[in-house]
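Look over the sequence and the structure first, then read on.

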Amino acid sequence: RDDDALTVTGKTTGDLAGSWTTNGVTAVEPDDQTAAPDGCKVVEFRVRGDGDHRFLRLEVTHTP
């Protein structure tokens, strides 16, 4: 949703048992937003391809 009270943060790790970091994660809002329903926006999270694999998780917080 396109809501100022919501914050979405991408975090990455190379090991699910390891620690998560925002280093190497970028969030991009593409110019083409036609795929987004009304009241929403498309955001692409990108992760650097360090090593054999990377995991990405999204943390969503709501601040009233």
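Beyond its neighbours within four places in sequence, threonine 12 is in contact with Ser19, Trp20, Thr21, Asn23, Val25, Val47, Arg54 and Phe55. The model is a predicted one. Threonine 12 lies in strand 1, which covers residues 6-13.

Is threonine 12 buried or exposed? Threonine 12 is buried, because its relative accessible area is 1% and buried means under 20%.

The side chain of threonine 12 takes part in polar contacts. One joins it to the side chain of arginine 54, at 3.4 Å.

**Threonine 13**

Threonine 13 also has its place in strand 1. Threonine 13 counts as buried, because its relative accessibility is 4% and the cut-off for buried is under 20%. A polar atom of its side chain lies 3.0 Å from the backbone oxygen of serine 19. With neighbours within four places set aside, threonine 13 is in contact with Gly18, Ser19, Trp20, Arg54 and Phe55.

**Valine 8**

Valine 8 is in strand 1 too. Not counting residues up to four places away in sequence, valine 8 touches Phe45, Leu58, Glu59 and Val60. Aspartate 31 is 23 residues from valine 8 in sequence. In space, the C-alpha atoms of valine 8 and aspartate 31 are 19 Å apart.

The table sets out the accessibility of these residues.

| Residue | Relative accessibility | Class |
|---|---|---|
| Threonine 12 | 1% | buried |
| Threonine 13 | 4% | buried |

**The largest pocket**

The largest pocket has a volume of about 270 Å³. It is lined by 14 residues, and the closest to its centre are Arg1, Leu6, Val8, Lys41 and Val43.

Which strands each supply at least two residues of the lining? They are strand 1, strand 2 (25-28) and strand 4 (55-62). By type, the lining divides into eight nonpolar residues, six charged and no polar.

Conventions. Residues are numbered from 1 along each chain as its sequence is written. This is a predicted model: local features need pLDDT of at least 70, side-chain atom pairs count only at pLDDT 80 or more; totals for chains, interfaces and linings use all residues. Side-chain values use heavy atoms; hydrogens and water are left out. Helices (H or I, at least four residues) and strands (E, at least two) are DSSP runs, numbered from the N terminus. Contact means heavy atoms within 4.5 Å. On a 1 Å grid over the protein atoms alone, a cavity is a set of points where a 1.4 Å probe fits but cannot get out, and a pocket is an open set with protein on both sides within 12 Å along at least five of seven lines; lining residues have an atom within 4 Å of a point. Grid points are joined across faces, edges and corners, and a volume is the space filled by probe spheres set on the points. Ala, Val, Leu, Ile, Met, Phe, Trp, Tyr, Cys and Pro count as nonpolar, Asp, Glu, Lys and Arg as charged, and the others, Gly among them, as polar. Buried means under 20% relative accessible area, exposed over 50%, partly exposed in between (1.4 Å probe, protein chains only). A polar contact is a pair of N or O atoms within 3.5 Å; within protein, one must be able to donate a hydrogen and the other to accept it, and residues adjacent in sequence count only if both atoms are side-chain atoms.
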